[in-house]
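Subject: Structure for you to look through

Hello,

Here is the structure I said I would pass on. Please open it first, then read the notes below it.

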Amino acid sequence: MSTSAEIIDVPLLIVGGGIAGLATALGLARKGRPAHVIERAPEFGEVGAGIQLAPNAMAVLDSLGVMDAIMKDAVLPQKKRYMDAVTGEEIGTVDLGPEFVEHYGYPYVVTHRADLHGALLEGCRASDLVTLETNREVLRAENLPDGRAKVVCADGTEYVADAVVGADGLRSAIRPLIVEDEPVPSEYVAYRGTVPIEMVPADAVETPMVLCWLGPHMHLIQYPLRGGKLYNNVAVFRSDFHSPDHENWGTEEELDARFGLCCDKVREAGQYLNREIRWPMYDREPVTTWTSGAVSLIGDAAHPMLQYLAQGGAQSLDDSLAMVDALVTEPNVEAAFKTFEARRAPHTGNIQRLARVAGELFHIDGVGRALRNYSFKDHNPTDYENLDWMFMPLSVAGDTRNYPY
């Protein structure tokens, strides 16, 4: 396809080649519908390391025909264990074993983001109905008088489509057409690191699990990747020096000071982190409107959320399923987008709000920390009642979500 300034006509344009965009394109292709995906980067790829995939995500991946590819290198943790980062004592556990799988119909999986993205990308490349294009920096989208939509790129190229799906993430160029807002800084920053499993003490990996160390204004997440060959570490803490006016916050020195108050196992994890890159954490306020005419948002472009519930990727996949269902079922694009929005926005808004609350619970100090630990000490590891509203596959739960909070 030519890279000169021109007008390109496509039936459906997806802006953004991440998880949400590729899953939507692949889902449409499996229903016999074409999609053209444009990506800002020079090549399709995924930044980051590990991702947790709850059963709702696995059900979507199964429907897309990529679950077997993902399971080749994935790890099935047997439990999710919450620990006090200061004392090293257990707070509570969620059993992810056979009873969990029987309850939801799918396992809880941890995998490398690149492996998930790669499986979706290969699925798209194998389809004659998906076309992929890189080096397309999008400036804006607009609705046209004829009911179609236009997307304008930095090099002057314009795409005209019957439908435009904005899957371009937290700092979406499509979102300003629909809602004028800005990302909300959480004042927290993450450092990540993936190391060979041999670097990790044997007792930490003898049973595959997701370890969640919770401490004052910090937490650490650990789990194995790539069939148990790698160990993923994500260290998160609140910076006392956060400022919108400079970037000298969330430094290595702050990281070491915050984690220096923790137990030995948490402090030792500092050696596993890549200190050259830090990841400031943002979300946006939940909104109920994701669509305008022939344009709709999906995934992080619609509902960026803090990572504390490990549902960002899963909700993007759920979005893709609902989006495809709406576009295939409803012949009118605007009506389809409104159907998709009505089905998904209330649910993801609840998760955005609860993710913030979960962050407060993770990072609480003083009496609150003691009360948190005490309240979970008698938790039944196989009681999934409060997880059903998030984890139950969308194909099973439908539009009914028993939001318990």
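Helices (H or I, at least four residues) and strands (E, at least two) are DSSP runs, and they are numbered from the N terminus. The model is predicted, so a local feature is reported at pLDDT of at least 70 and a side-chain atom pair at pLDDT 80 or more, while totals for chains, interfaces and linings use all residues. Residue numbers start from 1 along each chain as its sequence is written, and side-chain values use heavy atoms, without hydrogens and water.

The seven-stranded sheet

Strands of a sheet pair through backbone hydrogen bonds, either parallel or antiparallel. Here two strands count as paired if DSSP finds at least two bridges between them. Seven strands form an open sheet with mixed pairing, in the order β5-β4-β12-β13-β14-β11-β15. Its edge strands, each pairing on one side only, are β5 and β15 (279-283). From one strand to the next the twist averages 20°.

Start with β4 (residues 79-84). This strand runs antiparallel to β5 (residues 90-95), with five bridges between them, and parallel to β12 (residues 209-215), with six bridges. Lys80 stands opposite Val94 in β5 and opposite Val210 in β12. The hairpin of β4 and β5 has five residues between the strands, and Gly88 in this hairpin takes a positive phi near 80°.

Further along, β11 (residues 184-196) and β14 (residues 230-238) are joined by nine bridges in the antiparallel sense. Gly193 has Asn233 in β14 as its bridge partner.

Angles run from 0 to 180 degrees between N-to-C directions, and axes are lines fitted to C-alpha atoms, for helices over the stretch in contact. Helix α7 (residues 252-259) packs on the sheet and touches β11, β13 (218-225) and β14; its direction makes about 95° with that of β14. Helix α10 (residues 333-363) lies across β4, β11, β12, β13 and β15 and runs at about 100° to β13.

Strand β1 and its partners

Strand β1 (residues 7-15) is parallel to β10 (residues 158-166), with eight bridges, and parallel to β2 (residues 35-38), with three. Ile8 has Tyr159 in β10 as its bridge partner, and Leu13 has His36 in β2.

The nonpolar cores

In soluble globular proteins, nonpolar side chains tend to be buried together. A nonpolar core is a set of buried Ala, Val, Leu, Ile, Met, Phe, Trp, Tyr and Cys residues joined through side-chain atoms within 4.5 Å. Buried means under 20% relative accessible area, exposed means over 50%, and partly exposed is in between (1.4 Å probe, protein chains only).

The largest nonpolar core has 73 residues, of which Leu13, Leu53, Leu61, Leu120 and Val151 touch the most other members. Helix α1 gives the most to this core, with eight residues. Leaving out residues up to four places away in sequence, Leu120 touches Ile19, Leu22, Ala23, Leu26, Leu61, Leu64 and Val66. Another core, of 36 residues, lies apart from the largest one and includes Tyr108, Ala190, Leu225 and Met390.

A helix pair

Helix α1 (residues 19-30) packs with α9 (residues 312-329) at an angle of about 35°, and their axes are 9 Å apart. Ile19, Ala20, Ala23, Thr24, Gly27 and Leu28 in α1 meet Gly313, Ser316, Leu317, Ser320, Met323, Val324 and Leu327 in α9. By class, this contact has eight nonpolar, five polar and no charged residues (Ala, Val, Leu, Ile, Met, Phe, Trp, Tyr, Cys and Pro count as nonpolar, Asp, Glu, Lys and Arg as charged, and the others, Gly among them, as polar).

Most residues other than glycine have a negative phi, and most peptide bonds are trans. His217, in the loop between β12 and β13, has a positive phi near 60°. His217 counts as partly exposed because its relative accessibility is 26%. Ala310, in the loop between β17 (295-297) and α9, has a positive phi of about 55°. Its relative accessible area is 17%, so Ala310 is buried.

Pro244 lies in the loop between β14 and α7. Its relative accessibility is 75%, so Pro244 counts as exposed. The C-alpha atoms of Pro244 and Ala269 are separated by 29 Å, and these residues are 25 apart along the chain.

Regards

How values were computed
Contact = heavy atoms within 4.5 Å.
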